[in-house]
Amino acid sequence: MSQVKGIGGFGSTALLVSSMTGPGLSTIPALFQQSGWLPPVFIFLVIAVLSGCSALFVCEALSNIKGNEKFQSKVELTTIAQVYLGRKYHYVFQVLLYLALQAVNVTSIIIAAQTFDSMFITIFHGTCGLGVSPGGWFCVTDSEGITGNSPFSSDDYFIFTFGYLLTAVMVIPLGFFSLVENIAVQMISFIVLIAVLIQWCVAFCQEGLKPELLPAIGNNSTTVLGIVIFNYSFITTIPSWVNDLKPTANIHKCMWVSVIISTIFYIVLGILGAMAYQMDASSDILSILSANDA
């Protein structure tokens, strides 16, 4: 008896959680410490509910299109815009959608590359990059210290770094496969994410939690809303996900379980990390853990 190919419940949770979390996780503790615990917790909860509802509204809009009641026609966001907004506004929406997608992609690639560079410093005690301004080959090590989210100077411009190359090597091959074929990678990523977060939380507790480092209201909450919205920008994943969903998978359950898991990840990581180390606004928890292990 043949099995129906598609994304099941666990695969859906893994995919959605991966879309809501990512390399930006390492900056969340600094966000909590700088803004205090109350603003980010409140914003995370509000945006989590709004993003979950918005995603379900997209699913509803998809299923209301004639011939796609059970997502059998593989309708995407641009088709929704054409059906509901008309041809004129459809083109405007499509341009805005592509710009938004590229903005998220570029930001995610930069954060991933910076995270991998920090990982190289943690494991191999150094990383390098090809600079364009000033030109030349530059290397940094743990002995030189790390400031900000990138181990390289913010005044320099690079063609690539080792972290960027590793990001490309890991991401580009996945683009040749369909979402269903990629779902195994998403499930592995989800399991690894849980393991990493547990390890981080254990490290925070071993360092010692200092409540005085995490006030209710901090002195800088200006970046909270933007960072939280960016982390929940998974709406573009929804059409592709439901198009490849197994008939047995429950959309509402998968959606809310994923939103709840991601929100818990953010809040727990932010609170524990902020109470463990003294940080500034540009601190990266990977860099801090690396410095403490050195």
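The model is predicted. Helices α3 and α9 come within 10 Å of each other, axis to axis. The structure holds eleven aromatic pairs.

**Helices α3 and α9**
- Helix α3 spans residues 38-63 and helix α9 spans residues 251-276; their axes cross at roughly 160°. Angles over 145 degrees count as roughly antiparallel, so α3 is roughly antiparallel to α9.
- The crossing of α3 and α9 is right-handed.
- Residues of α3 in the contact include V41, F44, L45 and C59. On the α9 side they include I251, M255, W256 and Y266.
- By class, this contact has 15 nonpolar, three polar and no charged residues.

**N182**
- N182 sits in helix α6, residues 179-207.
- Its relative accessibility is 10%, so N182 counts as buried.
- Leaving out residues up to four places away in sequence, N182 touches L174 and F177.

**Aromatic pairs**
- The structure's eleven aromatic pairs include F32 with F44: the ring centres are 6.2 Å apart and the planes are at 20°, so this pair is stacked.
- F32 belongs to helix α2 (residues 28-35) and F44 to helix α3, so the pair ties together parts twelve residues apart in sequence.
- F32 and F44 are both buried.
- F138 and F158 pair edge-to-face, 6.0 Å centre to centre, with 80° between the planes.
- F138 lies in strand β2 (residues 135-140) and F158 in strand β3 (residues 157-161), 20 residues apart.
- F138 is partly exposed at 27% relative accessible area; F158 is partly exposed at 23%.
- One aromatic cluster is formed by F120, F124, W137, F160 and F162.

Terms used
Residues are numbered from 1 along each chain as its sequence is written. This is a predicted model: local features need pLDDT of at least 70, side-chain atom pairs count only at pLDDT 80 or more; totals for chains, interfaces and linings use all residues. Side-chain values use heavy atoms; hydrogens and water are left out. Axes are lines fitted to C-alpha atoms, for helices over the stretch in contact, and angles run from 0 to 180 degrees between N-to-C directions. Helices (H or I, at least four residues) and strands (E, at least two) are DSSP runs, numbered from the N terminus. Angles under 35 degrees count as roughly parallel, over 145 as roughly antiparallel, 65 to 115 as roughly perpendicular and the rest as oblique. A crossing is left-handed if the near helix is turned anticlockwise from the far one by less than a right angle, and right-handed if clockwise. Contact means heavy atoms within 4.5 Å. Ala, Val, Leu, Ile, Met, Phe, Trp, Tyr, Cys and Pro count as nonpolar, Asp, Glu, Lys and Arg as charged, and the others, Gly among them, as polar. Buried means under 20% relative accessible area, exposed over 50%, partly exposed in between (1.4 Å probe, protein chains only). Rings of Phe, Tyr and Trp (its six-membered ring) pair if their centres lie within 6.5 Å; planes under 30 degrees apart count as stacked, over 60 as edge-to-face and the rest as tilted.
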